[in-house]
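I opened a new page for this structure. These entries keep to what I looked up, one topic at a time.

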Amino acid sequence: MIPAHRGPLVRTVASGVLVAIAVIASMHALTLVIDPGPWLTAGTTGVLLVSTTSCVVRYLLLRTAVDRAAARRAAGQGSSADRAADRAAGSASFVATAAGLVVAVWFVLARYGGPGQRFEPFVGPDSVEQVLERFRQATELMNTQVAPVDPGPAISMVAVGGTLLVLLVVDSLAGARMPGFAGVPLLLLWTPPLTLIGDVQWPVFVISVTAMLLLLTVDPVGVTPGRRGDSESAAVRRAQRFRSGITALTSVAVAATSLGVATGMAALPALAGTWNQLISTPSDTVELSSELDMRQPLSARSGNTVLTYTMADGEPTGPLRVMTLTAFDGVQTNRNVPTGGLAEFDASTVLAPPGEGATGQGRQMDVQIGQLDGSELPLPLEPRRVDVGGDWAYDSLRDEVRGGEGTQQGAPYTVEIVDRGLTPELLRAVPAGGDPRSAGYTEVPDTEHRDDIADYAQRVAGDAPTRFDAVVALQNHLRSGAGFVYNPDADYRGSSDTVWDFLQNKEGYCTQYALSMMVMARSLDIPARIGVGWLPGRPDGTGGYRVTGQDSHAWPEIYFPSVGWVRFEPTPQVQTGPLPAYANPTTGNAPSASPTPSRAPEVPTQQPSQRPDESEAAATQSASGNQVSDQTLPGWAWVVAVIVALGVLGGAAWLLLRRRAEVEELDPERAWARVLALLAEQQVRLGPSVTLRRAPAVIADEIRTRTGAPLPDDVAERLTALADAAEDERYARSSTPPSAEELEELTTSVTAELTEALARKP
């Protein structure tokens, strides 16, 4: 703990640093509901500006107050000096918060009050109008969009402004010497992710709580800077020092443990990659990888818009497939099965693999490409007619539409979806045989647990009477049975058999679920492949749907003769929404339901296996006006912040030890406290109603009662002189206290004679 009489500089700087660290860490909790982007840099900059302003103003005011209080004490006005210090401390807290508020308002107006997203230092009425308009837009977006939302100017402004508001409240409480309450406003930044997602990142929790705990050692409750902190008895001071030491040691232990846990978690194979996920940067455009790696945790995904679409009937479509993956070596997939040859088509051609019949009514879908960079066209899974401009061709084996020029931002196309009328009864009645044109669809990777996986699949679905029942058994086992949990941070690096380890650990995201179901189905001699694409997206507030990089997804597809490839969904419902009706036998002949995810997953938009030169090239592409990049603070910055906080605490401890080593200059309060400490050791205690004026008589009566002899007159006179000096110091408008030398001599003689008097036996 830094004593109040140490001076305002160290205390003010230490408090400001710890408050800024806690607020910046808590701001990162919002990345669960707002996609990371430039707003994180803007928020960090704003916090540093406002915190620095508040600290400077507070320090200047407190420094002036301390100097004035010292001057009044030197003039013999001790009590008035204390009262003035109290008033100055309250005024400093208010003025510092007001100065911080002015800077915060200016920063928001300068950053978000311009016509674009440029920083305009000169603000005016137009800036205010622009900020109010963006606040209105943010309100509409929050009412219509599902988290996580794009960090556009309006949402970014609300996030940054809310962070600065929380900073001002936390800083004002810390400045008012109420550190125990200072951490409460941080919950305002934690509430959105806790309410919508049910989670807060563990680094946010550890760093914020550690900073607030360290703040308790800087600002003890009930102590005002500039006022004497040693007016209590020696016993009280010893207890206070003990509590301060315990609090400081606890804070250091928590901080050290936090760093140790962070380092240890980064080293564990099952937990590594969490920091990388927090600070990773998606590319400017969205492109699905043609390889799925089961070992890696789910990387940060872009919040950029992949495409938007509208449906004539207003209902969302099912997933949009981009590509199919077939070959799997136990770790990664690749497109190993030969193509079926590319064929030209027009708007009247029904695009479907051979054997897929369409019986239902058509549904029209109008699509517009966003920031999607790929050579495949996103399409619904059912047979369809596609009206698209450009050079595109159809691969019937993979059921893909590919083009040499690829997707172009802003390009429109129209799709007519023809439902196959899939039902559990139809799929259950499909006869065996008639498998697709390649044996690759039943190949199982030759891993050390290949037989174990086959036995596992046999136990789950080996007794099923039909192919459909076997596939549903595998799907339901992974989706809702046996304790499987969706975990985007699942990391299987170092695993020699990722499918088997997933089946044992039971934690993963869509890649692990889809590939594991494909391998188990193939081990039962059921043709299976992987579809890669996007979930249906979310309403955009204008009657259409918006698909972003965070909607990326992978799922298994099973082949049924005379029906074709059929999607199943083993990934838990919390990420993918309800099952399609045909994949759930309990729904009977209910209409096929499109999944509406409560929170979108999953496939990394940029796989960790991507070559470094490809990653750098993607990251340096020119961005369009609405592109978003992740600019979160790197992990080393958090480590440095905690080290700085520990350095502040260490410096405060050094100053405290140095002060204790200095010779204490005696004043009436300290002299009287020595007398009370001696009496307390001899079990003589004054009641709370005993005033300084009555204290000498009460002490003399106690000594007479214990020893049977009166207190000598000269001792009583010196005791009364000490009490009078302390009384004048506390209450007199002006007083001339004895010198330090006189007090030292008087106190030494009184304590010695009281000790001798109490030692006499009755």
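Entry 1. I began with a cut-off: a residue counts as buried when its relative accessible area is under 20%, and as exposed when it is over 50%. Anything in between is partly exposed. I also noted that this is a predicted model.

Entry 2. Is V471 buried or exposed? I found a relative accessible area of 0% for V471, so V471 is buried. I placed V471 in helix α13, which covers residues 467-480. Next I asked which residues V471 touches, leaving aside neighbours within four places in sequence. V471 is in contact with M517, I526, I558 and F568. I then checked V471 against E557. The two are 86 residues apart in sequence. In space, their C-alpha atoms are 10.0 Å apart.

Entry 3. I turned to backbone angles. Most residues other than glycine have a negative phi. D399 is not a glycine, yet its phi is positive, about 55°. D399 sits in the loop between β9 (392-395) and β10 (400-403). Its relative accessibility is 3%, so D399 counts as buried.

Entry 4. Where is D525 found? I located D525 in the loop between α15 (510-523) and β14 (528-534). D525 has a relative accessible area of 53%, so I wrote it down as exposed.

Entry 5. I moved on to a sheet. What is the order of its strands? I read β8-β11-β6-β1-β16-β15, an open sheet of 6 strands with antiparallel pairing. The edge strands are β8 (384-388) and β15 (538-539), and each pairs on one side only. Strands of a sheet pair through backbone hydrogen bonds. β15 pairs with β16 (residues 545-548) in the antiparallel sense, over 2 bridges. There I found R538 opposite R546 in β16.

Entry 6. My last stop was the surface. Which residues form a nonpolar patch there? I listed L49, W106, F119 and V123. Together they have about 310 Å² of accessible area. I picked out V123 from this patch. V123 lies in the loop between α3 (78-112) and α4 (125-144). Its relative accessible area is 34%, so V123 is partly exposed.

How values were computed
Residues are numbered from 1 along each chain as its sequence is written. This is a predicted model: local features need pLDDT of at least 70, side-chain atom pairs count only at pLDDT 80 or more; totals for chains, interfaces and linings use all residues. Side-chain values use heavy atoms; hydrogens and water are left out. Helices (H or I, at least four residues) and strands (E, at least two) are DSSP runs, numbered from the N terminus. Buried means under 20% relative accessible area, exposed over 50%, partly exposed in between (1.4 Å probe, protein chains only). Contact means heavy atoms within 4.5 Å. Two strands pair if DSSP finds at least two bridges between them. Patches are made of residues with over 30% relative accessible area and no salt bridge: like charges are joined within 9 Å, nonpolar side chains (Val, Leu, Ile, Met, Phe, Trp, Tyr) within 5 Å. Accessible areas come from the Shrake-Rupley method with a 1.4 Å probe; for residues, only the protein chains shown count as cover. A salt bridge is a side-chain nitrogen of Lys or Arg within 4 Å of a carboxyl oxygen of Asp or Glu.
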